Amino acid sequence: MQKNALFIATSLAMSGTLHASDLSYYGGAALSRSSLDAHFDFVPSNEFTGTSDKESSSSLKLFGGLRIPLAGGFYGGEIAYSGGGANPVGTFSKTGNPVFGQRGDLEDQSSISLSLTGGFALGGNNNLIGRIGYIRTNLEYKTLEGSTVYASGDEAFSGVEVALGLEHRLSEQLGIFFEFSRVNFSDNISATANGTGDLADFDDVSRDAFSLGLFSKF
């Protein structure tokens, strides 16, 4: 009985060790070029028309995660933090008077994301990679005319981020990757001026990003 119990315990321990060795952890950094797109509406009167605007900027992304081997590829999870910078500015144009000076200003601050990841081997140390997950982004907004700010604040937007890319292993421990990601945010901002009611809306916010990065396996 004792021999059987010892055999079972040893087998379980070896099995647990083998399963743990299947896991690999990684971390890295990437330079991202992102485009933030937003629509701006001036609320008080239908004499004013909203505009859409898009701006691109570069930021640094830091990430880490784990991978579990799968036949012909892997699956796993990843957490990432990235800085912002994109700053689209929309002009609220009055009908027949395009020089009306009211503006909407939206600035991308920072993001944190949690994703499920997966990859398929393509041969030649190359993998097709993909991610899907939750992302939360802080956005700062202003409505202003000239240098006068009528409303300002910041909001946290949430969305589903989808990404697709290609990675190449330089060695057993080191690799590079290129990735395209997109997120459509479902939230919107209703800017209020000094408690007098809605002044402007910021909606239809989306972000595309191209990332080039380096990662290391631990």
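How many nonpolar, polar and charged residues does the lining of the largest pocket have? Keep that in mind as you open the structure, which is a predicted model.

**Stop one: the largest pocket**

Begin by displaying the largest pocket, whose volume is about 310 Å³. Its lining is made up of 18 residues. Here is the reply to the opening question: by class, five of the lining residues are nonpolar, eight are polar and five are charged.

To find the middle of the pocket, select Arg67, Asn127, Arg169, Glu172 and Lys217, the lining residues that lie nearest its centre. Then colour the elements around it. Helix H1 (2-22), strand S3 (51-70), strand S4 (73-83), strand S7 and strand S8 (126-145) each give at least two residues to the lining. Which of the elements supplies the largest share of the lining? That is S3, with three residues.

Arg67 lies over the face of Tyr26, 4.9 Å from the ring centre. The charged end of Arg67 also sits over the ring of Phe215, at 5.4 Å from the centre of that ring.

**Stop three: the aromatic pairs**

The structure as a whole holds eight aromatic pairs. One of them joins Tyr26 and Phe63, a tilted pair with 6.3 Å from centre to centre and 55° between the planes. This pair links distant parts of the chain, since Tyr26 belongs to strand S1 (residues 24-42) and Phe63 to strand S3, 37 residues apart.

**Stop four: a buried aspartate**

Move along to Asp108, which you will find in strand S7 (residues 102-123). This residue is buried, with a relative accessible area of 3%. What does the side chain of Asp108 make a polar contact with? Show Arg207 and draw the distance: the contact is with the side chain of Arg207, at 2.9 Å.

**Stop five: two positive phi values**

Before the last selections, a reminder about backbones: most residues other than glycine have a negative phi. With that in view, pick Asn125, in the loop between S7 and S8. The phi of Asn125 is near 65°, a positive value in a residue other than glycine. Asn125 counts as exposed because its relative accessibility is 53%, over the 50% cut-off.

Finish at Asp204, which sits in strand S12 (residues 198-217). Here phi is near 50°, again positive in a residue other than glycine. At 58% relative accessibility, Asp204 counts as exposed.

Notes
Residues numbered from 1 in each chain as written. Predicted model: local features only at pLDDT ≥ 70, side-chain atom pairs only at ≥ 80, totals over all residues. Heavy atoms only, no water. Helix = DSSP H or I, 4+ residues; strand = E, 2+ residues; numbered from the N terminus. Buried < 20%, exposed > 50% of the residue type's maximum accessible area, 1.4 Å probe, protein only. Polar contact = N/O pair within 3.5 Å; in protein donor to acceptor, adjacent residues only side chain to side chain. 1 Å grid on protein atoms, 1.4 Å probe; cavity = no way out; pocket = protein on both sides within 12 Å on 5 of 7 lines; lining within 4 Å. Points joined across faces, edges and corners; volume = space filled by probe spheres on them. Nonpolar A, V, L, I, M, F, W, Y, C, P; charged D, E, K, R; others polar. Phe/Tyr/Trp six-rings, centres within 6.5 Å; stacked < 30°, edge-to-face > 60°. Lys NZ or Arg CZ within 6 Å of the ring centre and 35° of its normal.
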